[in-house]
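Have a look at the model first, then read on.

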Amino acid sequence: MNELQLLNDFVINHFESENLVNTITTVSTINIDANKENIYPLVNIDFIKKTTLDDAIVGRYKLTVLSQRDIQPKKTNSKLQTDTNYWDNLNETSAIITKFINDLVRLHNPENITIDNITDENPLKNWGASGCDGFQFEFDLSIHNKQKDL
């Protein structure tokens, strides 16, 4: 099987088994929030590039995890965003990301997929057309270059 497909399936399968995730998409990051029928929390897996090394195939991904912002209809003078679910959204999306990273780093998988590089997890505030909060980061996954063995 193609190594890229194995990497993509690995990431998608992880989030399909995650109870907190309701929607998984694989669209370009700019098009994430274009579908009005999205059910949040949403995970978007954007494949960025492929690098072929002598011993490995490396895929770079941009992961965006979002939850929709709810605003209470009452007016408050608080500047701490207590009239929204902003902090709830960050906590929920952070938990989804942390579990994903922990599973990649600590657990072995049959294809020996490893995580090589992780950027900082950047918070998103009131992001996109639906006003979502969450996190976005990039990571590299590598898998053995089986074509080298042929």
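## The first helix

Let's start with H1, where Glu 3, Leu 4, Leu 6, Leu 7, Val 11, His 14 and Phe 15 are buried (under 20% relative accessible area with a 1.4 Å probe and protein chains only; over 50% is exposed, and in between is partly exposed). Their cover includes strand E1 (23–25), E2, E3, H2 and E6. Helices (H or I, at least four residues) and strands (E, at least two) are DSSP runs, numbered from the N terminus.

H1 is 14 residues long and spans 20 Å from first C-alpha to last, close to the 20 Å expected at 1.5 Å a residue (that is, 1.5 Å times one less than the number of residues). At its N-terminal end sits a cap: a side-chain oxygen of Asn 2 lies 2.7 Å from the backbone nitrogen of Leu 4.

## What you're looking at

This is a predicted model, in which local features need pLDDT of at least 70 and side-chain atom pairs count only at pLDDT 80 or more, while totals for chains, interfaces and linings use all residues. Residues are numbered from 1 along each chain as its sequence is written, and side-chain values use heavy atoms, with hydrogens and water left out.

The chain has 2 helices and 6 strands, running α-β-β-β-α-β-β-β from the N terminus. Of its 150 residues, 42% count as buried. Take the contacts (heavy atoms within 4.5 Å) with a separation of 6 or more: 60% of them join residues 24 or more positions apart.

## The greasy middle

Nonpolar side chains tend to be buried together in soluble globular proteins. Here, the largest nonpolar core has 26 residues, and Phe 15, Val 43, Leu 63, Phe 100, Phe 139 and Leu 141 have the most contacts inside it. A core of this kind is a set of buried Ala, Val, Leu, Ile, Met, Phe, Trp, Tyr and Cys residues joined through side-chain atoms within 4.5 Å.

Beyond its neighbours within four places in sequence, Phe 100 touches Val 11, His 14, Phe 15, Leu 63, Phe 137 and Phe 139. There's also a second, separate core of 6 residues, with Tyr 40, Leu 66, Leu 124 and Cys 132 among them.

## Rings

Rings of Phe, Tyr and Trp (its six-membered ring) pair if their centres lie within 6.5 Å; planes under 30 degrees apart are stacked, over 60 edge-to-face and the rest tilted. That gives 6 aromatic pairs. Tyr 61 and Phe 139 are stacked, because their centres are 5.5 Å apart and their planes sit at 15°. This pair links strand E3 to strand E6, across 78 residues.

Phe 139 also pairs with Phe 137, this time tilted, at 5.7 Å centre to centre and 40° between the planes. Phe 15, Phe 47, Tyr 61, Phe 100, Phe 137 and Phe 139 form one aromatic cluster.

Is Asn 44 buried or exposed? Asn 44, in strand E2, counts as buried because its relative accessibility is 0%. A polar atom of its side chain lies 2.9 Å from the backbone oxygen of Val 27.

Asn 126, in strand E5 (residues 122–127), is partly exposed at 49% relative accessible area. Leaving aside neighbours within four places in sequence, Asn 126 contacts Arg 69, Gly 131, Cys 132 and Asp 133.

Definitions and conventions. A polar contact is a pair of N or O atoms within 3.5 Å; within protein, one must be able to donate a hydrogen and the other to accept it, and residues adjacent in sequence count only if both atoms are side-chain atoms.
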